[in-house]
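Let's take a friendly walk through some charged side chains. Have the sequence and the 3D view ready.

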Amino acid sequence: MENNNSMQRHTIGVLVENQPGVLSRVAGLFSGRGFNIECLTVAETNEPGVSRITLVTIGDQHILEQIVKQLNKLINVIKVFDFRETEFVDREMALIKVRAEPTTRAEVLRISDIFRGKVVDVSPLFYTIEVTGNESKISAVIELLAQIGIVEVARTGKVALARSKKH
């Protein structure tokens, strides 16, 4: 039986009306209860005026259930997806600027290719690689490229959708 008081990683999706202050109210629910938001992404959906917030936090299951209930009560919140209850697909994207001196260029390209990354910018001493995948894939490519010399990293954070039921 699972211990409900253990600290666990949680992914939550929130569909909201794209209005000023909505993100602040959503984030305030977490900070007010002592939860750190580890990852936060927000973007418009295919519906005009509707945005999707995806966030990742670590915390106690009981308190997280309370946060989900409170999110559902917020003005401008359309729907909350608590991904603890379902299988889901998640991805993030990273741009990684790495040293690419003549002696390391082939290795940078090889690592990028293995992880199905794309070189999106080239200069005499640097390559910028774009990699998309789940969090562990992004972390793995960063770990390998760090041995060559990462200059800068920008990560989007996680986005997630529930898996469709297979019939």
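Is R9 buried, partly exposed or exposed? R9 is partly exposed, because its relative accessible area is 41% (buried is under 20%, exposed over 50%, partly exposed in between, with a 1.4 Å probe and protein chains only).

## About the model

This is a predicted model: local features need pLDDT of at least 70, side-chain atom pairs count only at pLDDT 80 or more, and totals for chains, interfaces and linings use all residues. Residues are numbered from 1 along each chain as its sequence is written, and side-chain values use heavy atoms, leaving out hydrogens and water.

## Salt bridges

The count comes to 10 salt bridges (a side-chain nitrogen of Lys or Arg within 4 Å of a carboxyl oxygen of Asp or Glu). One of them pairs R9 with E38 at 2.9 Å, N to O. R9 lies in strand β1 (residues 7–17) and E38 in strand β2, so the bridge ties together parts 29 residues apart in sequence (strands are DSSP runs of E, at least two residues, and helices are runs of H or I, at least four, numbered from the N terminus).

D90 and K158 also meet in a salt bridge, at 3.2 Å, N to O. D90 is in strand β5 and K158 in the loop between β8 (150–155) and β9, so this pair joins parts 68 residues apart. Both D90 and K158 are buried.

## Around R33

R33 sits in the loop between α1 (22–31) and β2 (37–44). Beyond its neighbours within four places in sequence, R33 contacts I63, I67 and Q70 (heavy atoms within 4.5 Å).
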